[in-house]
Every structure is written in structure tokens, then in C-alpha cells.
Amino acid sequence: MHIQTPTRIIIAFALITLSTGCVGTSPSQSVASAAAAQEAVWSDTPMAAGRSHFMFDGWAGPDLPVWAFVPEGTNHATAPIMVLMHGAKRDPRRYLEEWIDEAEQGNFIIVAPEFAKADFPNSRFYNRGGLFVESGAPITNEANWAFSAIEPLFDSVVAQLGSQQTHYTLYGHSAGSQFVHRLMFLKPEARVKRFLPANAGWYTFPDLDLDYPYGLAGVPVSEEILREALAQDVVLLLGDQDNNTEHSSLNRSDLAMEQGPHRFARGQRFHEAAQALASEKGWEFNWTVRIIPGVAHSNGGIAAGAFDLVE
């Protein structure tokens with residue numbers, strides 16, 4: 001596995017006060033946020049003020065439920081739009097609920113598509129993008145990749161809002177973080193202004209000699225696409241307490257373990273490898289790391305420490 005260590009790593013630390021509430025979410029808080037998401041009133045009018053819900057059918061794949069939040073009084077024409085990618089539990093309503101206070105404070109719009117297990121049964125079809133239906137199979141039609149839903153969804157949201165936005169922030173936590181950084185490599189035309197992958201369990205490294213999904217061999221990513229990816233505005237979001245080596249969902253395959261013993265270490269290693277490659281090639285490098293103190297594997301904790309990054 002071609003992973004290099006740079007001589008230097010740039011880390012942007014989040015300045016977090018007690019007022020932000022940026023701590024790891026407790027089990028009781030998780031239950032409360034899930035209950036709030038279930039009990040919230042969701043309008044069937046797409047992109048209505050407050051919470052709304054609609055079905056998106058404007059791409060080649062299965063219809064997607066979409067959960068959205070528009071802060072009251074928001075200027076629909078100018079407000080930033082964040083596309084939020086849920087984790088492996090496929091619970092976008094809870095994820096969105098954990099970002100609502102931050103969206104109101106930052107005055108941005110959230111769109112959270114749901115990649116349900118009925119249509120995207122496992123990680124191969126969701127956070128790995130659906131490029132292969134099984135190991136060793138030919139690459140599937142790009143129009144059906146999970147990654148291919150995001151751009152037309154953004155167009156649909158812009159039309160419904162009457163928005164003037166031409167780009168969006170793409171955020172994901174855990175499995176959603178895997179989705180986000182892989183989309184960056186595999187959909188280079190995506191109109192993402194800033195990528196915010198948070199607390200991924202493992203990564204696709206910028207290595208053209210290592211097979212996908214741990215590297216980029218065997219998928220349509222050229223050296224030029226890789227160069228462009230390293231120049232993207234990427235802020236890796238890492239909770240410094242996301243360091244449980246025994247977490248039930250932690251990938252313990254040999255290649256994943258080469259990336260580090262836990263999520264916090266793997267995220268830093270991913271950044272280091274990308275920075276080392278850019279330095280070796282003389283390429284522009286615009287990735288940074290924001291470490292969120294006191295946060296473990298918590299979407300809500302990351303939200304409190306990163307909402308200022310949505311543009």
C-alpha cells in the first residue's frame with residue numbers, strides 16, 4: 001500500500017467554547033435527536049420553510065426520499081446549500097435534526113437524501129458508490145452510481161428554491177464521509193465548493209496503483225483528475241475522541257488497519273498521504289484538517305464544531 005508520510009501537516013484547530021456544546025453526543029442525546037426527528041412535522045411542500053420532505057426522481061437510479069430544512073426568513077436566492085450525507089444506519093432525518101440549530105445560526109439550507117437499504121443494500125452500493133455489483137465484476141453504468149444522484153438533486157433544489165447558487169457544500173459523517181471523499185475523486189465535474197468529510201471509518205487513498213476502494217486503481221481516475229482533487233477545497237473533520245479501536249462498525253481488514261488503528265488516526269493518515277503526494281508531484285494542495293476537541297463518533301458534535309465551514 002503506497003502511503004507516504006509528509007514532513008509537515010497543516011491542522012486547523014476548531015476554536016470551540018462551551019456555548020457551542022461541541023462534545024461527543026451521549027446515548028441519551030442520540031435517542032433524543034432521533035425521537036425529535038420522528039416527531040417533527042415535515043411539510044410535503046418541497047423546500048418549504050422549516051422541515052420538508054419530498055421524493056426525488058430526476059436521475060437514472062431509484063427514487064430517493066429527501067429531507068430538507070430551510071431556516072425561517074432565509075433568502076432562498078442567496079442562502080448557501082449544504083447536501084448532507086447520512087451514515088450506515090441510513091437515518092438522514094436524525095442527521096438533519098442534529099444540524100438544525102447550526103443551520104439556523106449559519107443561515108444555510110440543508111438537503112439530506114436517503115439512500116435506503118432496500119435500494120442500496122450495503123456499503124458497496126452506498127458509500128462505495130455502486131461502481132461494482134460484486135468483486136471482480138465490470139464497472140457499472142456511471143448514470144446508476146450513487147454518486148450520480150447528487151448533481152441533479154442540487155439542480156432540482158435550486159429550481160425549487162429559485163436559488164442563485166451555482167455550487168454547494170458537500171458534508172458527510174461516517175459512511176457519509178466515505179461517500180463524500182470518493183465522490184470527489186470519481187465525479188470531478190461536481191459543483192462542490194467545499195468538501196467536508198467527517199470521521200470516516202476508512203478511506204480511498206490517492207493511490208493509482210492500489211485497487212479501489214482502498215485506492216484508485218481499476219476506476220476511471222487519471223493522474224490529472226487526482227491532481228485536481230488535491231487542489232479542491234477539502235476540510236477533513238475529525239473528532240479527537242473518535243479513537244475507539246474496538247468500535248463495532250470499525251473496518252478491521254488488513255488494508256484498513258494499515259491506515260491506522262482507529263478513525264482519528266486514519267483521517268490524519270489520509271491527509272498526510274495526500275499532502276505527501278502533492279509535495280512529491282509539485283501539485284497545488286488545498287486540503288486542511290479541523291480537529292474537533294472532545295468529540296467522538298458524533299455527527300451532532302461535528303456539526304457544532306464545523307457549521308461555520310458551510311458556504
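Q: Before counting, what is a salt bridge here?
A: A salt bridge is a side-chain nitrogen of Lys or Arg within 4 Å of a carboxyl oxygen of Asp or Glu. The model under discussion is predicted.

Q: How many salt bridges does that rule give?
A: The count comes to 16.

Q: Which residue does Arg 191 pair with in a salt bridge?
A: Its partner is Asp 155, with an N to O distance of 2.9 Å between the side chains. The two residues are 36 apart and link distant parts of the chain: Arg 191 is in the loop between α5 (175–186) and β7 (192–198), and Asp 155 is in helix α4.

Q: Why do Arg 263 and Asp 242 count as buried?
A: Buried means under 20% relative accessible area. Arg 263 has a value of 3% and is therefore buried; Asp 242 also has 3%, so Asp 242 is buried.

Q: Which residues are linked in a network of salt bridges?
A: Lys 193, Arg 194, Asp 233 and Glu 311 are linked in this way. Within it, the closest N and O atoms of Glu 311 and Arg 194 are 3.4 Å apart. That pair spans 117 residues, from Arg 194 in strand β7 to Glu 311 in the segment after α9 (299–306). Arg 194 is buried at 12%, whereas Glu 311 is partly exposed at 32%.

Q: Switching to His 167: where is it?
A: His 167 is in the loop between α4 (150–161) and β6 (168–173). Its relative accessibility is 35%, so His 167 counts as partly exposed.

Q: What does His 167 touch?
A: Beyond neighbours within four places in sequence, His 167 contacts Phe 154, Arg 191, Val 192 and Lys 193. Its side chain also makes a polar contact of 2.9 Å with the side chain of Thr 166.

Q: Last topic: what lines the largest cavity?
A: The lining consists of Met 184, Pro 188, Ile 225, Glu 228, Ala 229 and Gln 232. Four of these residues are nonpolar, one is polar and one is charged. Helix α6 (residues 223–230) supplies the largest share, three residues. The volume of this cavity is about 30 Å³.

Note on methods:
Residues numbered from 1 in each chain as written. Predicted model: local features only at pLDDT ≥ 70, side-chain atom pairs only at ≥ 80, totals over all residues. Heavy atoms only, no water. Helix = DSSP H or I, 4+ residues; strand = E, 2+ residues; numbered from the N terminus. Buried < 20%, exposed > 50% of the residue type's maximum accessible area, 1.4 Å probe, protein only. Contact = heavy atoms within 4.5 Å. Polar contact = N/O pair within 3.5 Å; in protein donor to acceptor, adjacent residues only side chain to side chain. 1 Å grid on protein atoms, 1.4 Å probe; cavity = no way out; pocket = protein on both sides within 12 Å on 5 of 7 lines; lining within 4 Å. Points joined across faces, edges and corners; volume = space filled by probe spheres on them. Nonpolar A, V, L, I, M, F, W, Y, C, P; charged D, E, K, R; others polar.
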